[in-house]
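Good morning, colleagues. Please look at the structure on the screen before I describe it.

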Amino acid sequence: MKKLFSMIARSWGVFSKPSKHISLGVITCGAFLAGIIFWGGFNTALEATNTEAFCISCHSMEENNYKEIQSTIHWSNRSGVRATCPDCHVPHKWSDKMAAKARASKDVFGWLLGTVDTKEKFEAKRLHLAQNEWARFKANGSLECRNCHDYKSMDFTKMSEKAQVQMRGAAERDQSCLDCHKGIAHHLPEMDTTAISELGKMAKNLEGHSFEVGKEYYSLVQTPLYKDEKETEYLGVLTPATKFKVIAESGNRLEVELVTWHKAKGYGRVLYFDFAKNIVQATLSKEASQDESLFVRGDKREDDLTGLPWEQVTFTLWVDKKGYEENLQNIWDYAKGAYQTTCSVCHTQPAEGHFDANTWVGMFAGMQGFVNLDGDTHDVILKYLQNHSSDYSKDAH
Amino acid sequence: MNQQTSSTGTEKKGEWKLFIFLTVFLFPILATVSVFGYGFVIWMSHILFGLPTH
């Protein structure tokens, strides 16, 4: 230690005084040359870490992201231009690039610790990783895309009419490309896990609450229906946001009354919210839908549009004591949020009252292909839209 | 006289050694570290003040 200090002290002595033996010319030339070599080396290293070969030198990059892009248009296309990893994922501006490089030091730790070294671990992290990139693109207006794809250079007349409408609007708003074009170069993360947990979480939070006989509750998730308080095999499933009245409780089951409609033709396995409205409350097994001991028949009416006879039916069935919501508005609030966040990703979503309940089924089915929704969220958004459609809303158009 | 030459010799050797050490090791390392530091500061500023806009 002492030796080191004395060495530093001696060096400082040499460093701080004019040199006696090396001429100024040799020092400046030497330093200048060293500077050139350093600059060259630095840029070479920077370039080298900005190549695809470097990116995929990590197993997880090669196995996942690199394989995924190979089926997309950014890998091969009629023009023979392709995007490599850094084209999209490393900012081109120098200071932001340096920040990206510094940030990538985290990836080195991740590599050392094996954070995403298996397919399962990668899939588990995929949403998180994607969200990081989405946030970056959101903030900079998809700058890296627009280094190549510039609104100013787009010839809208060469687009299909459908695309024109969207792209002209996007150009006007100077919209960020990734607002719509997510998952175009790599697979989209499975987003249903987050969605499942939301309604599931609401149900979980309400678990253990006591139930009042005679009071009405709403299902939050797909809920199995049973014949009695003991039977384990279920007769059917309630969709989320379905109203039922508790008429008795026994053990860990509730006896509930379900006022619904079904088509009085065929088995009538699907139970609907309202006459001639395709708003599904529950689906039953063939046996249950025919078991007269389970339901009481009510009004019978014919739908002029389809000529089908509909019948009001009141079922008495059993459900497990789980978390049920007393206030329907809480479910609609969640559904509204989910509708706005998932659907506005691609476009301004139509107002709820823009279509009637039956039209929403087709509309929603058409859009559903673009997003990943789990069953519960899918059902609850559709029901939210139908219940706020022109059939039920005051401010419909 | 003889002693002076030898002390001049070590002095000269010391100067060269330090010169090489500075130009080949210390300053390039400092330069790299400072660029990384610059990047790090920008990264932190992104976390604190938000991501760069366009």
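What distance separates the centres of domain 2 of chain A and domain 3 of chain A, taken over C-alpha atoms? Those centres are 41 Å apart. The model is predicted, so local features need pLDDT of at least 70 and side-chain atom pairs count only at pLDDT 80 or more, while totals for chains, interfaces and linings use all residues. Residues are numbered from 1 along each chain as its sequence is written, chains are lettered from A and ligands numbered from 1 in the order in which they are written, and side-chain values use heavy atoms, with hydrogens and water left out.

The assignment, automatic or from a database, places domain 1 of chain A at 45–132, domain 2 at 141–173 and domain 3 at 193–397.

I turn now to the nonpolar cores, that is, sets of buried Ala, Val, Leu, Ile, Met, Phe, Trp, Tyr and Cys residues joined through side-chain atoms within 4.5 Å, where buried means under 20% relative accessible area with a 1.4 Å probe, protein chains only. The largest has 24 residues, and A:Leu220, A:Ile331 and A:Trp360 are among those touching the most other members. Helices H11, H13, H14 and H15 of chain A each give two or more residues to this core, helices being DSSP runs of H or I with at least four residues. H13(A) provides the largest share, seven residues. Not counting residues up to four places away in sequence, A:Leu385 touches A:Tyr339, A:Glu352, A:Trp360 and A:Phe364, with contact meaning heavy atoms within 4.5 Å. A second, separate core of 21 residues includes A:Ala282 and A:Leu317.

Methods. Buried means under 20% relative accessible area, exposed over 50%, partly exposed in between (1.4 Å probe, protein chains only).
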